[in-house]
Amino acid sequence: MIYRFLETIDKTFGIEKAKAHCDIPCGIYDPITAQIAALTVVRMIDLMTDLENKGGDKNKEYFNTFSRYVNIKEEHAEKAKAEIRVIWGDYLKAQHLEKYPDTHNLVHKIMQMGSKARQTADRETAVLFVEAINEFAQIFWETKGIATKRAKAPYAPALELVYPAL
Amino acid sequence: MLRLLKITGQSLSPEYQEGDFVLISKIPLFISTLRPGDIIAFHHSTHGTLIKRVDHLLPKSNQIFVTGTHPSSIDSHQFGAIKQQDIIGKVLWHIQKPAR
């Protein structure tokens, strides 16, 4: 109620601003990059499976395409891990960790799962990787007081992602 | 004696968020010396009115080293310690923006 009153005063008369400034890219954190990267890992495994099931000659074209899928899977699993590490290390503060005491364990789990997603071509592992990052995204948005919703990604493999409900 | 300020930026996040209001005053400065952890607003010749946390007081120079909590904060690490006379006030009351 006090805040709303002050907000009205600010809109009507304008209250002096005090800058709590940062340099770039201050305050810009979003787990969606990690979520999409993890989703890409699942997509690459699906494409690898499709290619394998197609049959045909295991010629150089086959190996070329297959290796490209593997490379992208590797790259995106690592990217997802890096994005989570940045939010965990730079954004999350002691107050957040007090409120969400299991966050360290969750981040450690994500790191391990990301590595496993690189080492194997196991779809179930990759799906669990996406889900663990969703769990992290949920915590992240809660620390900002922003409600979340779950919705299927509008592209293959169309797994559910946690989005801010804006 | 009392001034109301609205915070922009995230360098004191998560305790002080963009959109929060603070009531500040110079009166506490006359009663006691600043201590590490105090939140103060001050004037800076380049950046204008800033709000930061007191990190430590420099002995004998009457200057204050201020920091933010965010790793990308622009603070005394970049522009050096601030002078006592540039302080506009110490935060007495923090009115947080309600969570959505």
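How many residues does the contact take from chain B and from chain A? In this predicted model, chain B gives 35 residues and chain A gives 26 residues. The size of an interface is often given as the accessible area lost when the parts come together. Here about 2600 Å² is buried between chain B and chain A. Carbon and sulfur atoms account for 59% of that area. On the chain B side, the most area is lost to chain A by K6(B), T8(B) and F21(B). Together these residues make up 21% of what that side buries.

Three salt bridges are counted between chain B and chain A. In a salt bridge between R3(B) and E16(A), the closest N and O atoms lie 2.6 Å apart.

Several strands of chain B take part. At least two residues each come from β1 (2-8), β4 (48-58) and β7 (87-95) to the side of chain B that touches chain A. The most comes from β1(B), with six residues. By class, this side of chain B holds 14 nonpolar, 14 polar and seven charged residues.

Strand pairing also crosses between the chains. Strand β1 of chain A (residues 17-19) is joined to β1(B) by three bridges. The two strands run parallel. Within this pairing, A18(A) has I7(B) of β1(B) as its bridge partner.

Methods:
Residues numbered from 1 in each chain as written. Chains lettered and ligands numbered in written order. Predicted model: local features only at pLDDT ≥ 70, side-chain atom pairs only at ≥ 80, totals over all residues. Heavy atoms only, no water. Contact = heavy atoms within 4.5 Å. Buried area = accessible area lost by both parts, 1.4 Å probe. Salt bridge = Lys/Arg side-chain N within 4 Å of Asp/Glu carboxyl O. Helix = DSSP H or I, 4+ residues; strand = E, 2+ residues; numbered from the N terminus. Nonpolar A, V, L, I, M, F, W, Y, C, P; charged D, E, K, R; others polar. Pairing = 2+ DSSP bridges.
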